[in-house]
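This report describes one protein chain for a reader new to it. The sequence and structure come first, and the text follows.

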Amino acid sequence: MERGVSLSAIANQDGVYVINNLNPSTYTITAEAPGFQSYQVTSFPLGAKQEAVVNITLRLGTTNQTVEVQGEAQMVDPSN
């Protein structure tokens with residue numbers, strides 16, 4: 001939102017979400033869910049008394065995993 005205010009909503013089991021009483025402005029819309037790529041619209045204008053529908057389809061994402069192994073080097077006796 002141009003005024004720097006953040007609003008959020010959580011979709012129900014059918015993926016439906018509603019945000020009421022928004023002021024006329026230009027909004028940034030971001031949708032995120034674990035296991036999916038994030039979705040963003042950076043410039044969404046909303047006028048006075050306008051009802052808007054944004055249908056969002058999230059694409060499957062990739063899982064990044066880091067494994068860190070720590071250990072000590074065992075000293076070797078070269079005479080053995």
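Lys-49 is exposed, with a relative accessible area of 87%; exposed means over 50%, buried under 20%, and partly exposed in between (1.4 Å probe, protein chains only). Its phi is near 55°, a positive value in a residue other than glycine. Lys-49 lies in the segment after β2 (39–46).

This is a predicted model, in which local features need pLDDT of at least 70 and side-chain atom pairs count only at pLDDT 80 or more, while totals for chains, interfaces and linings use all residues. Residues are numbered from 1 along each chain as its sequence is written, and side-chain values use heavy atoms, with hydrogens and water left out.

Asn-21 also has a positive phi, near 60°. Most residues other than glycine have a negative phi.

The chain has 0 helices and 2 strands; helices (H or I, at least four residues) and strands (E, at least two) are DSSP runs, numbered from the N terminus. Of its 80 residues, 8% count as buried. The chain exposes about 7600 Å², of which carbon and sulfur atoms supply 47%; accessible areas come from the Shrake-Rupley method with a 1.4 Å probe, and for residues only the protein chains shown count as cover.

Val-5 is found in the segment before β1 (25–31) and is partly exposed, at 44% relative accessible area.
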